[in-house]
Amino acid sequence: MNAVRPLSPPIPGRRATPDGLRVVVVAETFRPAVNGVVGSVLRAVDHLAVRGHEPIVLAPSGSSYESACGARIPVVTVPSMRLPVYRHLPLARPGLDVTRVLADLAPDVVHLASPAVLGAAAGRAARTLGIPSVAVFQTDLAAFARRYRVPGGAAAAWRALRAVHASADLTLAPSSSTAALLRRHGIGPVTQWARGVDLVQFAPGRRDAWLRGQLAPNGELLVGVVARLAVEKRLELLAGVSRLPGVRLVVVGDGPCRGRLAQALPEAVFLGQRTGDALARIVASFDLFVHPGPDETFCQAVQEALAAGVPAVVAASGGPLDLVRHGENGWLWAGADPEVLAAMVAGLRDDRLALRAVAARTRSSVEHRTWARIGDQLISHYGSVLGLTPQVAPLRSA
């Protein structure tokens, strides 16, 4: 890759080193939005600061903040717009040129988080400036195009994704199935980079007897799902589960389909969006976690449930295949017939011993997936595109 003259003077004496990288993390969505992309960006940025690197966020919303480790994280915003369906979600305006912005920030490497509009612009700018970049694939836009009947459908989405990822030196996929999918559609080079889980926040000890009494006053099997309430999650397929005698379905999350889902699942309890300790208590209090969506590239909510000691029933496709082992820490559902899903839940309602046996193996199945380990892997991927061999620096004090 031939570097071009930067549009602003570089930082005097600055040189990429394994123990001191300046990383611009380009986020399609950021605070105040709450979603998987934002969560992953916050974790990655915090770990970079913990390891002594210098992260900067480039996003359509948000402001500079203090990370969990106490570091000050600059946030640079770009002009944004809002879509009619997601008025609460600022997105970058199409047609942006962020070359000048990126040149002024003078990063050693650019991290494109689930690149689409802003990520595509930043990828082009990084290529122009000769700055190595890593693209993190997180959202299956082709599946969204198919489900939302976007003109051109999945084929057009894959063409756009290939163009976006072509600017990156390396694409990181969150699961083995997603990595294979990307390769099939001509995106590469690709390597796998999963997601970490907070084993302190999501733990069996967070189980709350009082909360369970409120949600399941008659000792019902407490079945929960945590998800954005949107078409692609297919939560309407839980209608049969919600009607089972002796079962209480709890839905955590918010989104454009909340009203429609409340009508489709009148017996379910909708708790809205929850975060932090409140979310951790709710998840740990479930007896069973269910997720019917087939288009998950990873599904962090499943991993958090497993860490909390809660077995999961998931559609047998996408990212959850790396997390759930049938009969060991959860169960795989073929993903087509909701009556089969309801029958699986009914069987577990009637066999609490089997459910408890599987629950005892859930946490150990994800204990190795700490954010520290996953974060160090990310830094190693930066090093690979920079031609460096990063050394793991001591952790900063929180």
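The expected span of a helix is 1.5 Å times one less than its number of residues. Helices (H or I, at least four residues) and strands (E, at least two) are DSSP runs, numbered from the N terminus. The model shown is predicted, so local features need pLDDT of at least 70 and side-chain atom pairs count only at pLDDT 80 or more, while totals for chains, interfaces and linings use all residues. Residues are numbered from 1 along each chain as its sequence is written, and side-chain values use heavy atoms, with hydrogens and water left out.

View 1. Helix α3 covers residues 117–129. Its 13 residues should span 18 Å at 1.5 Å a residue, and the end C-alpha atoms lie 19 Å apart, which agrees. Buried residues (under 20% relative accessible area, with exposed over 50% and partly exposed in between; 1.4 Å probe, protein chains only) in α3 include L118, G119, A120 and L129.

**View 2. The packing of helices α1 and α14.** Two packed helices are described by the angle between their axes and the distance between the axes. Axes are lines fitted to C-alpha atoms, for helices over the stretch in contact, and angles run from 0 to 180 degrees between N-to-C directions. Helix α1 (residues 36–50) packs against helix α14 (residues 371–386) at about 80°, with the axes 10 Å apart. The two helices are therefore roughly perpendicular, a term for angles of 65 to 115 degrees. In contact (heavy atoms within 4.5 Å) are R43, A44, H47 and L48 of α1 with residues of α14, among them W371, D376 and Y382.

**View 3. Residue S40 in helix α1.** S40 belongs to helix α1 and counts as buried because its relative accessibility is 10%. Leaving aside residues up to four places away in sequence, S40 touches Q138 and R195.

**View 4. An open sheet of six strands.** Strands of a sheet pair through backbone hydrogen bonds, either parallel or antiparallel. Here six strands follow the order β14-β13-β12-β15-β16-β17 with parallel pairing; two strands pair if DSSP finds at least two bridges between them. At the edges, β14 (269–272) and β17 (330–333) each pair on one side only. From one strand to the next, the twist averages 25°. Three bridges join β13 (residues 247–252) to β14, and V252 has G272 in β14 as its bridge partner.

**View 5. Helix α11 on the sheet strands.** Helix α11 (residues 300–307) lies across β12, β15 (288–291) and β16 (312–315). The helix runs at about 170° to β15.

Technical notes:
Angles under 35 degrees count as roughly parallel, over 145 as roughly antiparallel, 65 to 115 as roughly perpendicular and the rest as oblique.
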